[in-house]
Every structure is written in C-alpha cells, then in structure tokens.
Amino acid sequence: GSWSFNVLALETKQVAAVTGWLLLNGASPTLAVEPEVVSAFLEAVSQEYREANPYHHWRHACDVHHVVFRECMLCEARDFCGSVDVFALLVAAICHDVGHPGLNNQFLVQTSHELALRYNDVSPLESMHCSRTFAILSSQPNANIFRTLSREQFREARQVCIETILNTDNAKHWEMVKELQLLYHANSDIFENRQAKSRGPAELDLLRQVGNRRLALISLLHAADISNACRPWGVSQAWADLVLREFFMQGDRERQLGLPVQMLNDQENVRKPCSQVAFIEFVVHPFNVAHVKIFPPLWELSRNLCDNLQLWQGLRPPEEQEKAGLKVRSICQELIAVVHFTRTRSSSTGDVQVMESSQCGSDAGHSDVDALSSPPSSVRGHEQHETNSFKSSGGLFSLPRLSRLPALSTSSLAPPSPVSGERARGRSASRLLVPGRIQRLPAGTAVDSPRGSDARVEPRIESRSESHARVEPRIES
C-alpha cells in the first residue's frame, strides 16, 4: 500500500476488486472468511451508498478502508487488538458512511429530519450507519461477512463496528484528542523509550488494556476518515474539491429553506485555500500530533500534512499569508518535530521531506523550519516507494501495483493481477491470483509495490468557483 493510493483514479470495477482484495487479505485465515461472501457483502454495501453525493460515496468508503488497512499494517495492530478486532475495524471502515444522504448532522437536527427524530438528535448519521450495516448482514445471509465467527466473536466484532462508527461523528473529535494526549502524557516514559522498529512488552501491555485498545480502534478509523489533508498533495487536493462541492450543495438547500447557511457551506464566501488551512490548523493538526506520537509508524501522515498546509497557505492572497504566517510556521515546526521524533521509533522507512518555510509566507529571518526541511515529494515530482506487507498468522501479504489493474467484473470481484517487474526474492506472482474470485496469496509471497502519483488528479465532479473571504473553523460531519 501507499499513501499515494488514489481510488478516484481507478475504474469502477477496479475499486471493487481492490477493496475485496484488501478485506480478504486483511482477515486472519483463522476466521475462515469466504471469498464469495466478501463479494456479496461488498455488492450489497456498495448499493447502499449514494453515488449522487460528491464526497460521501462508495469511493470514499473504499479510500477510508485502504487507509485503515495501511494503518493496521504499519502499526501491526494485531499485536495489541487481535484478529477479530482488526477484521471488524476493516468492515467498519467500509460501512462507516453507508446510506449517507450528503447532509450533516446539524442540518438533520435543524430540519427535524426523520433520522434526527429516530435517534433523538444524538449522532443521527452515525447511528444510522451502524443500524444499516447490521440490517444488511441480517437480511442477506449470503452477504453476512461475520457468519463464520463464533457467537462470542460476533459480539466482539459487532461492538467494535458500533463503537468505531459512532466515533466518526466529529462532535466527538475533541474528546478523542484529549484521550490520546492523556494516554501519551501519562505513559510518556513508555512511548519515548520505545526501541527503534520494535514495540516493547510494556507498550504492548499498555495498548492491550481494554480502554486503550478501544481508543486505538476508534482513533485509527477516525484518523482514516479525516486523512485527506494528510495524503500527498494531488490526492489531498482532489478530495478537498469534492468535499467542498458537497458542502456547497447543502448550503444551497439551507438557503432555499431559509436556514442559516453553515460556515463552510456558503459558496459565495468560502475560499478553498482558507478553508483547508483552517481545517488543518484547528482540526487535523491537533489530532495528528497526538495520534502519531502513540503510533510512530504513521509519521508520513505528519510529513504530508506539513507539506499540504504550506501549499494551501501559498495559494492564499499575500495579505492573508502574512497575517497567518506565524501560526502556520509554528504548526509546521511542531509537525517537523513529531516527524523527526517518531520516524526513528517506527518500522516504517523513508526520508523526511517537508517544504521550506518560504512557501508558507515566512520571511528570510525565520530559518528554523528551513534548517530542518527540504522540498516535499509533491514539489520534486517523485516519491520513494517501498513494498509494505501485512503480517498475519497466515503469512506475509503484499499489495499489488494498483496503477495497472485490469478492467474487472464488479460481481466477480476478481483480484488485480500483478504486473511484471522486479520480484522480491526472485519469485514470480504472475499466476497467484485467479480471475473470477478473490484469493489469498500464499505465505511468503511478495508482489511489486504500488506506484502512486503525486500529480494533481481531477475529481469526477468539478468544484464550484471560489470567492475571497476568511473562513472560521467548523467541524462538519
């Protein structure tokens, strides 16, 4: 996998194939998950997503699923969560926005929407996502992804799905940030003394505690859900266009109904660079710092966040750059410090590459960021890639190169065939994946690493025109 993976660039049939491949290979073989059930499950869930939504659609679900898979892979989540929890988390990622109407919780409450009335104004969207997920599983036995689990395992999986999906409600964002900060500061001696590329017994025991394991699971899904700002520039920019498009559509409805237009929904006053800088500054940055300190292998997300913040800041008018320059520099310095601290304590490899402070509106006198940074991969036009493997009791699995996936049937969910190229340990994988079904790779098999791209990717729906006005931060569900 790669943070450069861009589901928006795939054909519809390829999206289904990749998602099925990840879900099947993310499940421990001990769970005996059947490929046919995975296919039926994805088919059933995908039909419940509204493709008319510019942002909350099937591709968003698959993108979040990929990010969760990569997080679990890098952080070796099974070491402290267990195979059932990890599998349930992957399922929750696919279903976390199922049935989303393209409107946020605040709108549903203000308009006395049926969902707000049903769930008493408390996380109506997230409650509906949970309910619809298990309604699909119970009404379609052939699509019940948990049907091979024991009764006890099913209870555990259901609890993980409900808990993690409910906590994607951004109203719970700050509570989660505080919990992560408290966990780190109360156990800083354990986290700061972590040996490079290994997690010691004390840290494992800490993360295996019930409350901390719960926090790990909910934070991994929430991190994936708001990860757009932490992806390479081309991917991040494409998703920003889509989310603003959806906000503006809601804003139009609010205006038609005579409701106050929510801050980020007013296309007449919202300017994309300002909104993205505010979102990073007030929402993503505090969470990212707290989260990556506990999970050092995710340090590349902090690097990308720093890059993107400076790029968005550079797109603002000069007077706004000057006004916000000091704050942006301060955030970048903190992110750089987190990257340097965590990359030496993780098993994830790669060079630390962040933008020079001159691109975030700083003057020549501020050299502290310059001294620590170099141009990002998005500026240089290339990025280092490596093969990343998902460890499981069944062996070592590697993601196929995604940029050359063949056109596949959605119903069959045939896995993508590996392409020719350098093979790890000289083994060829050209015949490992059988067309017409999803199939696990044999233990010990490695496949070419994906070739992501930092180039700008045009979203399927064009963004609205932007006007110039300062945007106050607000979290949208």
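Visitor: Why is Phe 5 called buried?

Guide: In this predicted model, in which local features need pLDDT of at least 70, side-chain atom pairs count only at pLDDT 80 or more and totals for chains, interfaces and linings use all residues, Phe 5 has 7% relative accessibility; buried means under 20% relative accessible area, exposed over 50% and partly exposed in between, with a 1.4 Å probe and protein chains only, so Phe 5 counts as buried. Residues are numbered from 1 along each chain as its sequence is written, and side-chain values use heavy atoms, with hydrogens and water left out.

Visitor: Where does Phe 5 lie?

Guide: Phe 5 lies in the segment before H1, where helices (H or I, at least four residues) and strands (E, at least two) are DSSP runs numbered from the N terminus. Between Phe 5 and Asp 63 there are 58 residues in sequence but 8.3 Å in space, C-alpha to C-alpha. The protein has 19 helices and two strands, and 60% of its 477 residues count as buried.

Visitor: What makes the crossing of H1 and H3 left-handed?

Guide: A crossing is left-handed if the near helix is turned anticlockwise from the far one by less than a right angle, and right-handed if clockwise; the crossing of H1 and H3 is left-handed. Helix H1 (residues 12–26) packs with helix H3 (residues 58–75) at an angle of about 35 degrees, and their axes are 10 Å apart; the axes are lines fitted to C-alpha atoms, for helices over the stretch in contact, with angles running from 0 to 180 degrees between N-to-C directions.

Visitor: Which residues of H1 and H3 meet?

Guide: Contact means heavy atoms within 4.5 Å, and the residues that meet include Val 15, Leu 22 and Leu 23 in H1 and Trp 58, Cys 62 and Phe 69 in H3. The residues of this contact of H1 with H3 divide into six nonpolar, six polar and one charged.

Visitor: How do you know that Cys 306 is in no disulfide?

Guide: A disulfide is a pair of cysteine sulfur atoms within 2.5 Å, and a search of the whole structure finds zero disulfides. For Cys 306, the nearest cysteine sulfur is that of Cys 332, 3.7 Å away, and Cys 306 is in no disulfide. Cys 306 has 0% relative accessibility and therefore counts as buried, and Cys 230, at 4%, also counts as buried.

Visitor: Why is the pair of Phe 146 and Phe 154 called edge-to-face?

Guide: Rings of Phe, Tyr and Trp (its six-membered ring) pair if their centres lie within 6.5 Å, and planes under 30 degrees apart count as stacked, over 60 as edge-to-face and the rest as tilted. The structure holds nine aromatic pairs; in that of Phe 146 and Phe 154, the centres are 6.2 Å apart and the planes are at 70 degrees, an edge-to-face pair. Ring pairs link Phe 87, Phe 134, Phe 146 and Phe 154 into a cluster.

Visitor: What makes Phe 154 partly exposed?

Guide: Phe 154 has 28% relative accessibility, so Phe 154 counts as partly exposed, whereas Phe 146, with a relative accessible area of 2%, is buried.

Visitor: Why is Asn 120 called exposed?

Guide: Asn 120 is at 62% relative accessibility and therefore counts as exposed. Its place is in the loop between helix H7 (114–118) and helix H8 (124–139), and its phi is near 55 degrees, a positive value in a residue other than glycine. Ser 123 is found in the loop between H7 and H8, with phi near 45 degrees, but Ser 123 is buried, with a relative accessible area of 8%.

Conventions:
Ala, Val, Leu, Ile, Met, Phe, Trp, Tyr, Cys and Pro count as nonpolar, Asp, Glu, Lys and Arg as charged, and the others, Gly among them, as polar.
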